[in-house]
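Here is a friendly briefing to read alongside the model. Please have your viewer ready.

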Amino acid sequence: MKFLFTAGGSHSTVFSMAPLATAARTAGHDVLLTVDEPVLEAAEAIGVPAVPVPHPGEAAARLDALLDLSRDWTPDVVVGGLSYVPGLLAAHLGVPYVRQYWDIVPLRPEPALPELLERVGLDAPPEHALFIDVCPPALRPSPTPGARPMRWVPRNRQLRLEPWMYTRPKGRPRVLITAGTRAAKLRNTGDSTRRLVDGLRLTGAEVLVAAPPGAAEQFGTELGDVRVGWLPLDVVAPTCDLMVHHGGAATAMTGAAAGTPQLITPENNYAKEIARAFTGFGGARTVVPDDRPQEDPGEVIAESCREILADPSYAERAAALRQEIAALPTPYEVVAELEGLAAG
């Protein structure tokens, strides 16, 4: 059978679909993943066959590209998530549409939807044949009837590992900060992120900063024993006592699967919804530095980090969430349902 997966807009969407796509390939099916050019490297890094298509924001052009692709490579099942376009493609082809998403934040509106519907001869968006929800039940604000739960399996690019990446430091806590494109700010000694790093080091914690490859060479030794650069989050997260990040879905779920407490500083409404769910469960804390404008953001975050590390309830709740995730069906189990849909 042929399974077409569609993702894009960010690396995390690719990584989130990779486990199911890989499971389908392992089961012997043909798999293609369509992504926009800027994140194509993410698919290449994890070994999933990928085809470039326009960005999800260019909905009409993206649909045209998928229609062209389907003429040469007609799928038996279409799997998508953040867009209406995969469902429209599936309806046009007369094959099942599977929506993989996590039911914390609703599907975003699509301004071009009326035009897209007219293009494929539909009056309304088609219903999915199966909704796969990778959000743990405890975090769902209102579970969708008929949702098929699936275990979140962390996935990210891999390089050569070093022993410190998969072992815990002895006698000190480990804190991971995911800086991403913000890594350049660390070069400014007066920056709040640098203050956060310094504040954590003063507590005796080992600090890791996930940043683009090559960042360590840029900073040299100015951060002392802080490790800066590429980190395999799926490997490192289980060795950490705390993860500090901005509320990205893949990062948050990687921490949850590892049973690691989290401190989330959300920067947009999407991240705020994620932070609200994790904080409400008790395994994380949300910190919005703007709520304390008279204080340095880095020091505000460092203070909360110290409080989380000192309170065992965060680790206990994070462990409970990890156990719930581990009990959910694996992607390999879900592939069997996709096979049934494709067979009719």
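**The cavity and its surroundings**

The largest cavity is lined by G255, A256, G259, T260, Q262, F278, F281, G283, A284, A318 and L321. A cavity here is a set of points on a 1 Å grid over the protein atoms alone where a 1.4 Å probe fits but cannot get out, and lining residues have an atom within 4 Å of a point. This is a predicted model, in which local features need pLDDT of at least 70, side-chain atom pairs count only at pLDDT 80 or more, and totals for chains, interfaces and linings use all residues. Residues are numbered from 1 along each chain as its sequence is written, and side-chain values use heavy atoms, without hydrogens and water.

**Cavity**
- The count comes to 1 cavity of 30 Å³ or more, and the volume of the largest is about 60 Å³ (the space filled by probe spheres set on the points, which are joined across faces, edges and corners).
- At least two lining residues come from each of α9 (249-258), α10 (269-281) and α12 (312-326) (helices are DSSP runs of H or I, at least four residues).

**Sheet**
- An open sheet of 6 parallel strands runs in the order β10-β9-β8-β11-β12-β13 (strands are DSSP E runs of at least two residues; two pair if DSSP finds at least two bridges between them).
- Its edge strands are β10 (227-229) and β13 (284-286).
- Q262 has A284 in β13 as its bridge partner, and both residues also line the largest cavity.

**Charges over rings**
- The charged end of R317 sits over the ring of F281, 4.0 Å from its centre (CZ of Arg within 6 Å of the ring centre and within 35 degrees of the ring normal).
- R227 lies over the face of W164, at 4.2 Å from the ring centre.

Note on methods
On a 1 Å grid over the protein atoms alone, a cavity is a set of points where a 1.4 Å probe fits but cannot get out, and a pocket is an open set with protein on both sides within 12 Å along at least five of seven lines; lining residues have an atom within 4 Å of a point.
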